[in-house]
Amino acid sequence: MKTESMFQERLKRHHDELRWLYMELYNNSDMFAELCQQLHDYALKRDPELISLDEEREQNPGWFRGNDMLGMMLYIDNFAGNLAGVKEKLAYLSSCNVNCIHLMPFLESPKGRSDGGYAVADFRKVQPELGTMEELFALSQACHKRKINLCMDFVMNHTSEDHPWAKKAREGDGEYMSRYFFYDDPSIPEQYDRTVPQVFPTTAPGNFTYLEEMGYYVMTTFYPYQWDLNYRNPRVFNEMMYNFLYLANQGMDIIRIDAVPYIWKELGTDCRNRKQVHTIVRMMRMICEIVCPGVLLLGEVVMEPAKVAPYFGTVEKPECHMLYNVTTMATTWHTVASRDVRLLKKQMDIVNGLPKEYLFLNYLRCHDDIGWGLDYGTLSGWGMGEVEHKRFLNQYFTGRYAGSVSRGELYNDDPVTQDARFCGTTASMCGLESALYERDVEKLIAAITLDLMLHAYMLTQSGIPMLYSGDEIGQLNDYTYKENENKRQDSRYIHRGEFPWDLAEKRNKKGTHQALIFHGLSRLEKIRRERSVFRSDAAIYTYDVKDQGLLAILRENEEERFIAIFNFSDQERTAWMEESGDWTNLWTGTPIKMVDVLLPAHDFVWASRSKN
Ligand code: GLC
């Protein structure tokens with residue numbers, strides 16, 4: 001009864017706007033009525049424990065904004081074999097200070113045509129080797145007992161060609177064909193191709209796939225086996241929302257909406273970030289608040305900042321709760337290679353100038369490639385033109401540039417545009433792999449120093465830091481993907497290796513690189529968690545220390561003044577500055593004078609002064 005009245009109250013709050021937007025897009029009141037009925041049913045089917053979590057979170061809407069949040073993304077099979085295995089390893093994750101886990105795609109997906117699980121054949125079934133829906137729910141319960149949040153992907157732009165809708169469409173069933181984009185003559189695909197850029201120019205060129213047996217072209221923005229859904233069809237929207245709610249009801253705390261800018265297609269445009277995408281995301285946010293208000297939406301918008309921020313919506317009409325800080329991530333690696341902090345500083349000033357409500361997920365590496373989406377307008381003014389600079393970055397990180405210690409591989413090397421992206425783990429990019437290979441202790445220490453400095457920088461930013469599984473012990477690139485015919489073509493698998501539990505054990509052995517990284521990160525994470533100055537509501541500015549190799553950041557609230565300085569150069573540098581008062585170096589726990597601070601190559605300072 002209480003659930004019923006809560007549902008009615010929440011529906012009432014959003015009904016008019018939801019109806020308005022729905023009718024604007026679909027003009028179909030029967031389908032809207034069906035949607036409302038289903039929202040009701042999913043709300044009532046929700047587990048009582050999740051319902052009380054919803055209520056708790058509604059009372060405390062900022063519950064996810066604290067400085068205690070720390071995420072980790074991991075592949076279930078690589079990390080622990082299956083869902084039950086992940087449940088067994090929760091203690092390890094807690095020991096990493098992690099309280100939010102992003103499980104990489106785990107729904108049913110065809111072998112060899114899965115795009116790492118991003119080609120979903122059944123939104124309501126776990127890939128059998130990974131477990132069952134019941135095990136997923138059990139994992140979410142175990143997580144909630146430990147105050148760990150669970151995040152999963154909702155791949156809404158496309159389905160696998162093995163999804164039942166796609167199978168029926170392939171049989172020529174018009175009802176199902178209308179859920180995708182089918183064309184029997186090549187002229188429309190050709191028109192699209194004129195304005196739509198390619199996501200995978202080398203591994204999956206073009207935006208359409210010709211189905212010979214049918215004599216039709218089907219839109220496939222990503223791989224040929226990932227068929228784009230047609231959100232102009234209200235049946236698609238409704239059914240996908242039911243899938244979304246079904247998954248939310250399995251105990252998810254965060255749902256990552258995959259490739260969201262792509263979901264609305266319009267001939268003659270680039271088919272990215274159309275205004276209808278925002279209508280759909282806004283509707284999803286309301287649907288979430290009506291049925292499962294404890295669930296957060298994380299948007300995957302891999303675009304430049306001006307295109308990312310609109311996905312937060314407005315204060316009155318919010319869309320996503322959080323978004324990836326993708327440009328800062330790419331710019332960070334640019335800074336590692338160029339040893340010039342100017343662009344990173346500019347980028348941080350832009351992010352710091354955004355409303356404090358905007359919550360970003362900060363990260364160094366994830367499961368995808370690094371796309372070098374940098375501000376080339378600014379860079380070319382400094383003599384770094386786009387084509388040459390990308391070439392430099394790729395040479396640098398593949399270790400082919402003089403003085404570079406990084407290891408990794410190119411991704412979607414496009415012979416036409418000469419564009420390429422990059423893959424590799426944090427540790428390999430920092431030089432750990434080459435140092436171990438050369439058995440060079442000095443280089444090893446340098447690599448660990450850089451690795452910890454970059455993590456300290458990530459933890460200094462406002463928002464939610466997200467680790468990539470394996471980075472906590474300095475996991476290296478994994479080249480075995482080349483032996484697997486299902487993976488060989490996709491170099492992203494270089495940083496999707498199996499978690500080396502034997503090497504992870506070495507974190508308990510003093511002096512190993514695993515121990516130095518693991519305990520180093522742990523100390524940084526604890527400092528962050530314990531100090532209110534790391535909360536998103538603290539003031540944050542970049543700070544000029546008159547050296548292009550050094551990035552300094554000031555964080556401040558009523559209690560504390562905190563200054564972080566990061567040396568991105570490979571030489572000792574001085575941060576020219578003068579701050580009075582008694583400062584403590586939080587990293588070493590010793591007093592520090594914040595006057596013309598000397599920093600060894602790739603080192604950092606986290607200094608604090610109490611204001612009381
Ligand atoms: C997202 C995922 C990526 C995947 C793509 C297609 O960008 O992060 O791994 O290939 O969507 O679903």
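This is a predicted model: local features need pLDDT of at least 70, side-chain atom pairs count only at pLDDT 80 or more; totals for chains, interfaces and linings use all residues.

Colleague: Where is Asp-185 found?

Modeller: Asp-185 belongs to the loop between β7 (182-183) and α10 (187-195). Its relative accessible area is 37%, so Asp-185 is partly exposed.

Colleague: Thanks! On to the sheet, then. What is the order of the strands in the open sheet?

Modeller: The order is β7-β9-β8, three strands with antiparallel pairing. β7 and β8 are at the edges. Each of those two has a single partner strand, so one side of each has no neighbour in the sheet.

Colleague: How many bridges join strand β8 to strand β9?

Modeller: Four bridges link β8 (residues 208-211) with β9 (residues 216-219), and the two strands run antiparallel. Phe-208 has Met-219 in β9 as its bridge partner, and Tyr-210 stands opposite Tyr-217 in β9.

Colleague: And which residue in the hairpin of β8 and β9 takes a positive phi?

Modeller: That's Gly-215, with a phi near 75°. The hairpin has four residues between the strands.

Colleague: Nice. Changing topic: how many salt bridges does the structure hold?

Modeller: There are 42 salt bridges in the structure. Arg-170 sits in helix α8 (residues 164-170) and Glu-213 in the loop between β8 and β9, so the pair links distant parts of the chain, 43 residues apart.

Colleague: Is Glu-213 buried or exposed? And what about Arg-170, what is its relative accessible area?

Modeller: Glu-213 counts as exposed because its relative accessibility is 57%, and the cut-off for exposed is over 50%. Arg-170 has a relative accessible area of 26%, so Arg-170 is partly exposed.

Colleague: Which residue does Lys-611 meet in a salt bridge?

Modeller: Lys-611 meets Glu-556, at 3.1 Å from N to O. Lys-611 is in the segment after β25 (604-610) and Glu-556 is in strand β19; this pair also links distant parts of the chain, 55 residues apart. Lys-611 counts as partly exposed because its relative accessibility is 37%.

Colleague: Which residues do salt bridges that share partners join into one network?

Modeller: Arg-113, Glu-161, Asp-162, Arg-170 and Glu-213 make up one such network.

Colleague: Last one, promise! Where is Arg-555, in which strand, and is Arg-555 buried or exposed?

Modeller: Arg-555 is placed in strand β19 (residues 550-556). Its relative accessibility is 0%, so Arg-555 counts as buried.

Colleague: And what separates the C-alpha atoms of Arg-555 and Tyr-210?

Modeller: Those C-alpha atoms are separated by 55 Å, and Arg-555 and Tyr-210 are 345 residues apart along the chain.

Key:
Residues are numbered from 1 along each chain as its sequence is written. Side-chain values use heavy atoms; hydrogens and water are left out. Buried means under 20% relative accessible area, exposed over 50%, partly exposed in between (1.4 Å probe, protein chains only). Two strands pair if DSSP finds at least two bridges between them. A salt bridge is a side-chain nitrogen of Lys or Arg within 4 Å of a carboxyl oxygen of Asp or Glu.
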